[in-house]
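User: I would like to go through this model feature by feature and learn how to read each one. Please give the general idea where there is one, then the case at hand.

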Amino acid sequence: MIYLRAYCDFLLYKIMMTRRIMQKKWRLGLSIALWLVSVHLICAHNEKSPTALSIKEGSDDHSKGEETLLEDEDSEDLEVFRPTDKWQTLKPGQAVPAGSHVRLNLQTGQREVKMGEEEGLKYGRDGNRLGMMNMHSPSFTAEELKESLKKFKEGMDDSVDSKQDENAVRAQFRPIEELKKDMEALDMLVETDVQVMRRLLNQFNNTNSTTEEKITALLDLEYLVHQVDNAQNLVSMGGMQLVINVLNSTDIRLQESAAFVLGSAVSSNPSVQVEAIEGGALQKLLTLLATQRPITVKKKVLFAVASLLRHFPFAQSHFLKLGGVQVLSELFQTPGTEPLRVRIITVLYDMIIEKELISQVGMDLIPDSSHQERLRQYAEVSLLPVLVEQGWCSLVPELLASPEHDCREKALRTLLAMMAQCQTQYKQNPALTASLSELQKQYQELVLTEQDVGEQDGYFAEILALVDSMVVKMRQV
């Protein structure tokens, strides 16, 4: 069509030039004018309607395709002209495929058509419109289009079909009630934590259970009692007293596992702490620390002691009455217990700091009767005098010789916590003074290293601040 328009424009231009040359020949000019009108009528007849539907037909392999124009107002199919790569005469009433080349033969006065260059494409262009062409049918009648739209609308209202599909899907699966019954038959029902704990306690109490099975039961129990509710359920089921009694077992593996369960159960759980103290757990734990036991057992026992004493002033007072500080002092000085020393001074440090914090004003936003009761209970815990009496003022400084930064930090914090009672002994200890001087130089260099990498308040700076604080307080009168 583009070529046809361009050719018409060229003819107009040529006619106009001819008219200028032959102005005097009015008869010939009149003939040319009439011929020009006929050309315009032909161009208007061949121009596509903007609402025409383009349909492209191709063979099975889609190697070639054709376009046909179907006017909206036509009620019958148009005869489709099939062009080739050669010019052919176009008969009146035949539809011209989109993209075909059309020309007017001036000698015969007939239109001629041949295949365009883009005829083999699957996408066709109609003016400014570009879209996919139908590759299966050469044309559609108006009735076919109406029928297709009708079926399309019917397909949108498929509520009945959806219901049938849903029922079909339901028929493929079994109901949940039936699955539950099958699971009950297979004994695959999910157990609650309480049911699991009861099963583990029965497994432990079973006389036919081996030592390995009992240890496995205790370890599984330890995993559950980390939760506050499970630990309280353990008490209500009588499991706490069972665990405490296992501390007296002759098998060291059972002792270790029982201490592990006990420490996890009483951690941050006041009601369970009370039950453990009333059940005699603290005395049994101190006995294990005071007697010959492997280091692995004493680690778990020390963990249970620390969990039992934390935030529990009554247990701390009972700990002092049972000689717990002396037990820890002997354990601290026993050869081969170096891995336990940091744990031991951490227990003592926590007890000192707890009493200081609870005594500070503003510890509780609204002081009440319970706060006053805690103050009274902590007032009965006289730990610092006992530490001085047991020689801890000279035992703790020994940890400063450790190469571990964590060990040094814990030792420095404990030394500062005992400063009020041990200042005189600190000043009389030349080894402590030398150690502090050496640590001060060492951590000053480490702080510079931290600052070089952009850490202004790093870990080494914190330790250096502890060392400086020790040096300043030891010089005070």
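User: Over which ring does the charged end of Lys214 sit?

Analyst: In this predicted model, the charged end of Lys214 sits over the ring of Phe204, 5.6 Å from its centre. Arg103 gives another case: its charged end sits over the ring of Trp87, 4.2 Å from the ring centre.

User: Which strand holds the bridge partner of Val102, and how do the two strands pair?

Analyst: In a regular strand, side chains alternate between the two faces of the sheet. Here strand S6 (residues 101-104) and strand S7 (residues 111-114) pair in the antiparallel sense over four bridges. The bridge partner of Val102 is Val113, in S7. Six residues lie between the strands of this hairpin, and Gly109 takes a positive phi near 75°.

User: Which residues have the most contacts inside the largest nonpolar core?

Analyst: Nonpolar side chains tend to be buried together in soluble globular proteins. The largest core here has 92 residues, and Leu262, Trp392 and Tyr426 have the most contacts inside it. Helix H23 (residues 459-475) supplies the largest share of this core, nine residues. A second, separate core has five residues, including Phe81, Leu90, Val102 and Val113.

User: What is Leu262 in contact with, leaving aside its neighbours within four places in sequence?

Analyst: Leu262 is in contact with Met240, Val243, Ile244, Leu247, Ala276, Ala281 and Leu285.

User: How many aromatic pairs does the structure hold, and why is the pair of Phe332 and Trp392 edge-to-face?

Analyst: There are five aromatic pairs. The ring centres of Phe332 and Trp392 are 5.3 Å apart and the planes are at 65°, so this pair is edge-to-face. Phe332 belongs to helix H15 and Trp392 to helix H19 (residues 392-395), so the pair ties together parts 60 residues apart in sequence. Both residues are buried. For Tyr459 and Phe460, the centres are 6.1 Å apart and the planes at 50°, so that pair is tilted. Tyr459 is partly exposed, with a relative accessible area of 32%. Ring pairs link Tyr443, Tyr459 and Phe460 into a cluster.

User: Which residues of H13 are buried, and what do they pack against?

Analyst: In an α-helix there are 3.6 residues a turn, so residues three or four places apart point the same way. In H13, the buried residues include Val297, Val301, Leu302, Val305 and Leu309. The buried residues of H13 pack against helix H10 (252-266), H11, H12, H14, H15 and H16. H13 has 15 residues and spans 21 Å from first C-alpha to last, close to the 21 Å expected at 1.5 Å a residue. Just after H13, His311 takes a positive phi of about 55°.

Conventions
Residues are numbered from 1 along each chain as its sequence is written. This is a predicted model: local features need pLDDT of at least 70, side-chain atom pairs count only at pLDDT 80 or more; totals for chains, interfaces and linings use all residues. Side-chain values use heavy atoms; hydrogens and water are left out. The expected span of a helix is 1.5 Å times one less than its number of residues. Buried means under 20% relative accessible area, exposed over 50%, partly exposed in between (1.4 Å probe, protein chains only). Contact means heavy atoms within 4.5 Å. A nonpolar core is a set of buried Ala, Val, Leu, Ile, Met, Phe, Trp, Tyr and Cys residues joined through side-chain atoms within 4.5 Å. Two strands pair if DSSP finds at least two bridges between them. Rings of Phe, Tyr and Trp (its six-membered ring) pair if their centres lie within 6.5 Å; planes under 30 degrees apart count as stacked, over 60 as edge-to-face and the rest as tilted. A charge sits over a ring if NZ of Lys or CZ of Arg is within 6 Å of the ring centre and within 35 degrees of the ring normal.
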